Amino acid sequence: GLGVEGIEQDSLRVFDQTRDVRIRFERADVFDFIQRKNAPADLLIAHAFLDLLPMPESLPKLFSLTKSLAWLTVNFDGVTTLEPTVDATLDAQIERLYHETMEARPTGGDSRAGRHLFGHLRGAGTDILAAGASDWVAHAVDGAYPADEKYFLHFILHFFDEVRHFFCQTT
């Protein structure tokens, strides 16, 4: 029952008779954005993002972006499953190498960020209002992948192909 209208190229208005919410999307390096922010927002949304950052030192910087609320969803937790299995040994190597790239990222990162996040949040003095599982599952519908899943699979399979080429050249 909410109305939605575009305000500018990077902004939306979501509204009804009693609510008027304005959303501004920002595409920038997060730490550059933190340096130039004017005022904290009502809500920080970090979707599939915290596993890319050095933790726990990034949390105070991120929390400076919000007055009080953060929605921190889909944090990688070290599990990748490829189905159907093509070659169990190769699949296991691809998964292991994929996880290792998260640990070796020059900007930081953690292949088990999801399970470590709760301790980091407590250490930062935050209150966790809710928590739950967050899986990314890409599956075909009638033999084809919908647009979002197709986009995701394109990039993850490209990455796996690069890992395979690297592995094949080094063994």
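**Helices, strands and a nonpolar patch in a predicted model**

The place of Ile-34 is in helix H1, residues 30-36. The structure discussed here is a predicted model.

User: Is Ile-34 buried or exposed?

Analyst: A residue is called buried when its relative accessible area is under 20%. Ile-34 has a relative accessibility of 12%. Ile-34 therefore counts as buried.

User: Which residues is Ile-34 in contact with, leaving aside its neighbours within four places in sequence?

Analyst: Contact requires heavy atoms within 4.5 Å. With neighbours within four places in sequence set aside, the partners of Ile-34 are Lys-61, Leu-62, Ser-64 and Leu-65.

User: What distance separates the C-alpha atoms of Ile-34 and Ser-64?

Analyst: Ile-34 and Ser-64 are 30 residues apart along the chain. Ser-64 is also among the residues in contact with Ile-34. The separation of their C-alpha atoms is 7.6 Å.

User: Is Thr-66 buried or exposed?

Analyst: Thr-66 is found in strand S5. Not counting residues up to four places away in sequence, Thr-66 touches Pro-40, Ala-41, Asp-42, Leu-43 and Leu-44. Its relative accessibility is 9%, and the limit for this class is under 20%, so Thr-66 counts as buried.

User: How far does the backbone oxygen of Ala-41 lie from a polar atom of the side chain of Thr-66?

Analyst: Ala-41 is one of the residues that Thr-66 touches. Between the backbone oxygen of Ala-41 and a polar atom of the Thr-66 side chain, the distance is 3.4 Å.

User: Which strands each supply at least two residues of the nonpolar patch?

Analyst: The patch, about 560 Å² of surface, is made by Leu-43, Ile-45, Leu-69, Trp-71 and Leu-129. Leu-129 is found in the loop between helix H4 (113-123) and helix H5 (147-170). At least two patch residues come from each of strand S4 (41-47) and strand S5 (66-73).

User: Is Leu-129 buried or exposed?

Analyst: A residue is exposed when its relative accessible area is over 50%. For Leu-129 the relative accessible area is 71%. Leu-129 is therefore exposed.

User: What span does helix H3 reach from its first C-alpha to its last?

Analyst: Helix H3 covers residues 88-103 and has 16 residues. At 1.5 Å a residue, the expected span is 22 Å. The span in the model is close to that value, at 23 Å.

User: Which residue caps the N-terminal end of H3?

Analyst: A side-chain oxygen of the capping residue lies 3.0 Å from the backbone nitrogen of Thr-89. The residue that supplies this oxygen is Asp-87.

Conventions
Residues are numbered from 1 along each chain as its sequence is written. This is a predicted model: local features need pLDDT of at least 70, side-chain atom pairs count only at pLDDT 80 or more; totals for chains, interfaces and linings use all residues. Side-chain values use heavy atoms; hydrogens and water are left out. Patches are made of residues with over 30% relative accessible area and no salt bridge: like charges are joined within 9 Å, nonpolar side chains (Val, Leu, Ile, Met, Phe, Trp, Tyr) within 5 Å. Accessible areas come from the Shrake-Rupley method with a 1.4 Å probe; for residues, only the protein chains shown count as cover. A salt bridge is a side-chain nitrogen of Lys or Arg within 4 Å of a carboxyl oxygen of Asp or Glu. Helices (H or I, at least four residues) and strands (E, at least two) are DSSP runs, numbered from the N terminus. Buried means under 20% relative accessible area, exposed over 50%, partly exposed in between (1.4 Å probe, protein chains only). A polar contact is a pair of N or O atoms within 3.5 Å; within protein, one must be able to donate a hydrogen and the other to accept it, and residues adjacent in sequence count only if both atoms are side-chain atoms. The expected span of a helix is 1.5 Å times one less than its number of residues.
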